[in-house]
Amino acid sequence: MKKPKRDPTVAIQQSIYSRAKARADARGVTLIDYVNEILLLNIEKDDFLKKYAPYIETVSVGETIVLRDHKVNKLAEIYFKNGMLYCTQDESNDCMHIHFALALPQVIKLKGKSPR
Ligand SMILES: [Zn+2]
């Protein structure tokens, strides 16, 4: 007799579990549905970014986000300046690199940096 196929199981870190469970409860969905939705959305967002801006590559992410723009073959550094994201390539708060950076989950790691 064939066993029914079980879905794969992954371990969730305790600290993430409590935050995720609280979110799931607040939305009235199961933790399984909540986690699967978040995971799928992130994967699809990643795919979307690759289609939306295939010429932008994430070089590094830390206190600043460094992107390589293959259209102009230059690096764009994104960081916080006066409470807004700032792009060194365009010297602007509103360019493709900013839009791209905002869509990266790692944008939360950006720290304020004093203006140069
Ligand atoms: Zn830019």
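Two strands are taken to pair if DSSP finds at least two bridges between them, and the strands (E, at least two residues) and helices (H or I, at least four residues) are themselves DSSP runs, numbered from the N terminus. The structure described here is a predicted model, in which local features need pLDDT of at least 70 and side-chain atom pairs count only at pLDDT 80 or more, while totals for chains, interfaces and linings use all residues. Residues are numbered from 1 along each chain as its sequence is written.

The protein chain contains three helices and four strands, arranged along the sequence in the pattern α-α-β-β-β-β-α. Its radius of gyration, taken over C-alpha atoms, is 19 Å, well over the 13 Å that the globule rule (2.2 Å times the number of residues to the power 0.38) gives for 116 residues, so the chain is more spread out than a compact globule. Along the principal axes, the C-alpha atoms fill a box of roughly 65 × 30 × 20 Å. A residue is classed as buried if 20 or more other C-beta atoms, placed from the backbone, lie within 10 Å of its own, as exposed if 12 or fewer do, and as partly exposed in between; buried residues make up 12% of the 116 residues.

Helix H2 (31–52) has 22 residues and reaches 31 Å from its first C-alpha to its last, close to the 32 Å expected at 1.5 Å a residue, where the expected span is 1.5 Å times one less than the number of residues. Of these 22 residues the number buried is zero, so H2 lies largely in the open.

Strands E1 and E2 run antiparallel and are joined by five bridges, forming a hairpin with three residues between them. E2 also pairs with E3 in the antiparallel sense, over five bridges, with Arg 68 opposite Leu 75 in E3. The hairpin of E2 and E3 has four residues between the strands, and Asn 73 there takes a positive phi near 50°. E2 has a covered face made up of Ile 65, Leu 67 and Asp 69, and an uncovered one with Val 66 and Arg 68.

Asp 69, in strand E2, is buried, with 20 other C-beta atoms within 10 Å, and Ile 56 stands opposite Asp 69. Two residues are in contact if their C-beta atoms, placed from the backbone, lie within 7 Å; not counting residues up to four places away in sequence, Asp 69 touches Tyr 55, Ile 56, Lys 74, Ala 76, Gln 89 and His 97. Leu 67, with neighbours within four places left aside, is in contact with residues including Ile 56, Ala 76, Ile 78, His 97, Phe 100 and Ala 101.

The buried residues of helix H3 (residues 96–103) are His 97, Ile 98, Phe 100 and Ala 101. They cover an arc of only 160° around the axis (the arc being that of the directions from the helix axis to the C-beta atoms), which puts them on the same side of H3. Their cover includes H2 and strands E1, E2, E3 and E4.

A nonpolar core is defined as a set of buried Ala, Val, Leu, Ile, Met, Phe, Trp, Tyr and Cys residues joined through C-beta atoms within 7 Å. The largest such core has twelve residues, among them Ile 56, Leu 67, Ile 78, Leu 85 and Phe 100, and E2, E3, E4 and H3 each supply at least two residues of this core. In soluble globular proteins, nonpolar side chains tend to be buried together.
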